[in-house]
Amino acid sequence: MQYHLNGVDFSKPFYSLPITTRPTDGDPEQGQVGEEVYDVVIVGTGPTGLILSAQLSRFPQLRVKVLETKPAKLEIGQADGVQCRSLEIFEAFGFSQEVLREGYWVNEVCFWSPSEGDAKGAPAGISRVKRVRDTEEDLSRIHELFLDQMSKSEMGLRPDYSNSLESLTLPDAADPNALIQVRVSCVRRGGAEAEAKGNVFRARYVVGCDGAKSSVRKLLGYSLQGESANQGWGVMDVLVDTDFPDIRLKCAIHSKDQGSLLIIPREGGYLVRIYIELEKLTVGERVTSKDITIDKLISTAQRIFQPYRLEVKEVAWWSFYEIGQRLCDDFTYPKWETGMTPRVFIAGDACHTHSPKAGQGMNVSMNDGFNLGWKLASVLLGRSSESILRTYQQERRLVALELIDFDRDFAKMFSARPKISKDDPEGIDPSEFQNFFVKAGRFTAGTATVYQPSLITAPKEDCKQELAPGFPIGMRFHSAKVLRLSDAKPVHLGHTITADGRWRLFIFAGNPKDSGQWSKLVKLGQDLKESNQSPLVKYTPKDQDVDSVIDCRVVFSRCERQDIEIDRLPDLFWPRKGKYQLRDYEKVYTDSRSYNFGHGEIYRRRGIPESQGCLILVRPDQYVSAVYEFGDSILDKVSKFFDGFMKAPL
């Protein structure tokens, strides 16, 4: 992580001092009728709203307001199982190590099925039938960490608690400059109503991250479509005394006739989360009518665990819910098919709901927020046309649809009782569920998402995917360790893609000893910095650093550091930046395996030919937009791509 670029302030470690300041000292603009005016109003402070807020808080030029009905921040985590892709996002925000240090690591999954006992005296009940890795190789607190990011940003963004959305007055959809009127009411607490500051204001954009009962969605007249699976489940975080041997492993347990449950160990070494199958619901019946208590959840779990003992010593949190897969037809207003620029968005549970057993809810929802955040910032900062906002629904609704289909199959298989015989039509063979779980590993890890061609993801016919098959276009940038040229530090290349709204152009330049490859790199570096055709020249404001919009980095193939002198490289790859025009020495890497630090071979692992190299264009949310040939026409192709949606600074 780089900081101290514009000066030193030891009271704020890991945060760079700004060159610019917030407009009007951070106060909102005043509309013609005296109402406050914001660029973005975010409704809801669940994980989706917080990741969106944290992203926008990194741009102090913006005016952002965050509304939350609850009286204060969340104290106890409810949906906080973190998948691989989410950790990559946390790294972009700079707090992945805190999550890794404090959290429980799920490394293995055990499957337990009914057992009739055996001649050696083992009792009937359940027995372990299989162990698998939870994820492939190379793949509560979170609420607090995002709030910390927001408050420590130059914007100093903090949610406005106890504020409930009352109404939205939507402007003429054809008028791109008209503002949305937002009316809020202060939530009553303790029989008194706190004083509300400015309960009516206007905004350019509104984002509903306010959950399955979303007020924003309802005010738009939208609804979630789908069916309930007529199945109730309970969940509890508990401290237990048990002789069950796999209590500290993720376990899927199917009993013969008492139902199923899922174990997710939690952080701290003792706490465990248990999802418990309850009885089937009749058509139209709601789980709230079942008079479910924590004692009922515990007794049900104890029956499923037989012949093992389960004694609950303390309950930290519990709840119950119905399984249902529901999806909103539209994630934006105006609707996507109108072709108009979206003004209102819904994200996370506001537009898709499903069961929590595969650990997808928070993870998929945060990706909604991360996808939308940089796009809104880019438009509001004048970097991109509003047309990129349409890609939000284009990309994320397809992901949600895939999730709904997956969850429907997963929930059905998890809830089904084990087969009594091979001819049992209603039961499920435990091995079938186990195989389904293993095959779905990449999907549940969040690394299987593929964005289709759009304004910001180039079609394959315009690219050279064969030059980097390990960086599939439309998928997240699959990181690997490289050696930084300036200080011999091994770093993950993907960790350079921080949540700062910048595009990345990774130039895999091959072997620097190859005179032809070296000449191409020198020419490209000069053209990108100086040519009027260069997207850096066309789209970087004159008063900002050369890498403030598009960040160019070089990765050489197998060579030793001493074979390259950084001062031989074009200025673009070690540019002068910031208040004091200091050199940035952290943009050049090698594929060297020096010092045996476990890095190297990114060319081989991702299928990049050393003799040719290539260019990988990566979006601000870490997804690969294009793979280009490292040749004479590269500037034309890169420029054509950015010309499709970028705006020249005024």
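This is a short tour of a predicted model, stop by stop.

Before you start, note that numbering begins at 1 along each chain as its sequence is written, and side-chain values use heavy atoms, with hydrogens and water left out. Because the model is predicted, local features need pLDDT of at least 70 and side-chain atom pairs count only at pLDDT 80 or more, while totals for chains, interfaces and linings use all residues.

**Stop 1: helix α1**

Select residues 47–56. This is helix α1, and nine of its ten residues are buried. Buried means under 20% relative accessible area; exposed is over 50%, and partly exposed lies in between (1.4 Å probe, protein chains only). Helices here are DSSP runs of H or I with at least four residues; strands are runs of E with at least two, and both are numbered from the N terminus. Colour the buried set: Thr 48, Gly 49, Leu 50, Ile 51, Leu 52, Ser 53, Ala 54, Gln 55 and Leu 56.

**Stop 2: α2 against α7**

Show residues 84–93 (α2) and 361–380 (α7). Their axes are 10 Å apart and the packing angle is about 40°. Axes are lines fitted to C-alpha atoms, for helices over the stretch in contact; angles run from 0 to 180 degrees between N-to-C directions. The two helices are therefore oblique to each other. Under 35 degrees counts as roughly parallel, over 145 as roughly antiparallel, 65 to 115 as roughly perpendicular, and the rest as oblique.

From α2, Arg 85, Ser 86, Ile 89, Phe 90, Ala 92 and Phe 93 make the contact; from α7, Asn 363, Met 366, Asn 367 and Phe 370 do. Contact means heavy atoms within 4.5 Å. By class, this contact of α2 with α7 has six nonpolar, three polar and one charged residues. Ala, Val, Leu, Ile, Met, Phe, Trp, Tyr, Cys and Pro count as nonpolar; Asp, Glu, Lys and Arg as charged; the others, Gly among them, as polar.

**Stop 3: α8 against α9**

Move to residues 390–415 (α8) and 430–439 (α9). Here the axes come within 10 Å and cross at roughly 150°. That makes α8 roughly antiparallel to α9. On the α8 side, pick Phe 406, Asp 409, Phe 410, Met 413 and Phe 414; on the α9 side, Glu 432, Phe 433, Phe 436 and Phe 437. The class count for α8 with α9 is seven nonpolar, no polar and two charged residues.

**Stop 4: Gly 208**

Centre on Gly 208, in strand β8 (residues 200–208). Gly 208 is buried, at 0% relative accessible area. Leaving aside neighbours within four places in sequence, its contacts are Val 43, Val 216, Phe 345, Ile 346, Ala 347 and Ala 350. Draw a C-alpha to C-alpha line from Gly 208 to Ala 350: 6.9 Å in space, 142 residues apart in sequence.

**Stop 5**

Thr 449 sits in the loop between α10 (441–445) and β17 (481–484). Its relative accessibility is 13%, so Thr 449 counts as buried. Beyond neighbours within four places in sequence, Thr 449 touches Val 399, Gly 474, Met 475 and Tyr 623.

Thr 590 belongs to strand β23 (residues 588–590). Thr 590 is buried, at 0% relative accessibility. With neighbours within four places in sequence set aside, Thr 590 contacts Val 482, Leu 483, Leu 485, Phe 556, Cys 559 and Ile 564.

**Stop 5**

For Cys 110, the nearest cysteine sulfur is that of Cys 251, 4.7 Å away. Cys 110 is buried at 0% relative accessibility. Finish on Cys 463, buried with a relative accessible area of 9%.

Conventions:
A disulfide is a pair of cysteine sulfur atoms within 2.5 Å.
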